[in-house]
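This report goes through a model with the structure shown below. It covers strand pairing first, then the sheet, then the relation between the copies.

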2 protein chains.
Amino acid sequence: MSGPARITIKDVAARAGVSKGAVSLAFNDKPGVSDATRERIFAAARDLGWAPNLAARSLSNARVDAIGLAVCRPARMLGLEPWYMEFISGIESVLAERSASLLLRLVPDLDEEVGQQARWWQSKQIAGSILVDFHGDDPRTTALPGLGLPAVAVGHPSLTAPFPSLWTDDATAVGEAVRYLAALGHRRIDRVGGAPDLGHTGIRAEAFTAALAGLGLPEGRQLATDFSGEEGARATRTLLTSADRPTAILYDNDLSAVAGLSVAAEMGLSVPTDVSLLAWDDSQLCTLTHPKLSAMSHDVHGFGAEVARALFELLETGSTESRPVPTPVLMPRGSTAPPPR
Amino acid sequence: MSGPARITIKDVAARAGVSKGAVSLAFNDKPGVSDATRERIFAAARDLGWAPNLAARSLSNARVDAIGLAVCRPARMLGLEPWYMEFISGIESVLAERSASLLLRLVPDLDEEVGQQARWWQSKQIAGSILVDFHGDDPRTTALPGLGLPAVAVGHPSLTAPFPSLWTDDATAVGEAVRYLAALGHRRIDRVGGAPDLGHTGIRAEAFTAALAGLGLPEGRQLATDFSGEEGARATRTLLTSADRPTAILYDNDLSAVAGLSVAAEMGLSVPTDVSLLAWDDSQLCTLTHPKLSAMSHDVHGFGAEVARALFELLETGSTESRPVPTPVLMPRGSTAPPPR
């Protein structure tokens, strides 16, 4: 079989103008190369798209049976946000099969995460990491590859390159959500979005604007939240008390949609008769409310498991393919209906 | 100030008939003492209630900035059970202040946990551990102390000795729950309990029987579940289809109570008019249902934080006091009322 010539450590050494041994020292974080040379080697590897043989490296670290996950969210949120818990439980389901552990840390910001990942890796506490919640111009995309840390990212490749990544096709799902609400007859559709610094929030916001424009509907208001129930309630209240009240609201997670349902009740508005609410994720929260929440539904536990399997593939074979996981699909329940006449 | 003479490494050495150096080797898991001697040293330390100076030890392992948590439950459950997620988020809130990480692993059984804790500790992956879900005759209480692993247990001291432990006073809370239902007029009260092999399930079962007997009420049926919604629904269906149907049911967690609410609706029974349901934990699930669930309420996030602080105290000072956390209190909502006449 023919194919592009495989890039080897020799090519990297040649491009950086150093020996193969120096490349190895740099990637294994050993002394013996200057910082400047190390930087040149990392740059050469990046240019060529080369990474050290992770399989060999991971075997030599056979003792390491943990993978890392740093989460840049407040602790309270971790316990309340069903997405995270189901995602982590999915990761654990795969780790359990392999008697491996998850090293979990909450970080205040992404720079702190970069430092933590480096310490975990250099002190051999982890064999690899799962990277989540990418921002635009995420510092991890430039700071981590040079470490040689095997990592799988969660997010669209436009945000996560050069890491191999798995992502949810948020743009397509937002389009489906908007078309469904429009098909019910809604023309005033607003959105309660998640944290604005997260890359996938931006992707959803653009897709929302584009979907409304594509249908010839008026531009919708989009309010940012931190995904909490409190801010979801506040945003819903703002939208429902505006002069130009929406007849349908699309949410970025379940928790804010549940909070929105309470706000509608508090304001004497009936769901779905007066206003339709559409949640996102479809955790068990959506079936506990009254009425049950319509939602964009996907298997978050399965997503976590798939990401963990991708990381093990990377550790064992040296590569894993970037790919989307199944796109969220509409699960209509009792919180969406045609708008009032 | 006077007090009992402090037990030192010298006392342990004298009782075991070895040198202080041998005690140190044994507790630091270094070669140089035979297995038989090591066992004798551990037995002497246990008899005297001595543990190595963890403060000194932990300082010498200053690099170790992770603590361990092994959970013997299915992965799916971890994502669905609010108790676990809030407990872990509480732990993380304290770890985050100290830039420390949680090493989390799901284990299939407690023997596997013993092996995992030993490997984590001996390979210096953790500075200490949080031990949860104690069984009667729990293998961890005999296998782990000899390792010298600093650990704080979650559970009543009758289950967790010799570890320092923090616990919820389940017996008192069950008594309060039963007295409340009896005060409403209920005489046929049943219980949907958690996993029967867990020690705290046994404590609650005994307290339930004792509380009913103390009030002169007929003995209640108690059904075991795995804490899942499925088994909570099945148990509720069994109770509500019995000839001698209860007018009130006490649950061991929120998830099974929520499932019980659906079963009542499916059977055409109105809550609370036909049957009262009382949940346990009072996570956000309880306020999302219709009617909202009455529950035995406690701060699970705060409990996790308190346990993590106790472990850090143990690491830093060499000891921490066993103590109960605040007892769950009744939070009456819409799912409890007097029984039908």
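How many bridges join strand 6 of chain A to strand 8 of chain A, and do these strands run parallel or antiparallel? There are four bridges, and the two strands run parallel.

## Strand 8 of chain A

The model is predicted. In chain A, strand 6 spans residues 189-193, and strand 8 spans residues 248-251. Within this pairing, A:Tyr251 of strand 8 has A:Val192 opposite. On its other pairing, strand 8 of chain A is joined to strand 9 of chain A (residues 276-281) by three bridges, again in the parallel sense. Here A:Leu250 has A:Leu278 of strand 9 as its bridge partner. Between strand 8 and strand 9 of chain A the chain passes through helix 13 (residues 254-266), and this β-α-β crossover is right-handed.

Which residues of strand 8 of chain A are buried, and on which side? A:Ala248 and A:Leu250 are buried on one side, and A:Ile249 and A:Tyr251 are buried on the other, so that both faces of the strand are covered.

In general, the strands of a sheet pair through backbone hydrogen bonds, in a parallel or an antiparallel manner. Chain B has an open sheet of six strands in the order 7-6-8-9-10-12, and its pairing is mixed. Strand 7 (222-224) and strand 12 (329-331) of chain B each have a single partner strand, so they stand at the edges and one side of each lacks a neighbour in the sheet. On average, neighbouring strands of this sheet are turned by 20° against each other, with direction ignored.

Strand 6 (residues 189-193) and strand 8 (residues 248-251) of chain B run parallel and are joined by four bridges. Opposite B:Ile249 of strand 8 stands B:Asp190. Helix 11 of chain B (residues 199-214) lies across strand 6, strand 7, strand 8 and strand 9 (276-281) of chain B, and runs at about 180° to strand 6 of chain B.

## Relation between the chains

Methods:
Residues numbered from 1 in each chain as written. Chains lettered and ligands numbered in written order. Predicted model: local features only at pLDDT ≥ 70, side-chain atom pairs only at ≥ 80, totals over all residues. Heavy atoms only, no water. Buried < 20%, exposed > 50% of the residue type's maximum accessible area, 1.4 Å probe, protein only. Pairing = 2+ DSSP bridges. Right-handed = clockwise from strand over helix to strand, strands pointing away. Axes fitted to C-alpha atoms, helices over the stretch in contact; angles between N-to-C directions. Contact = heavy atoms within 4.5 Å.
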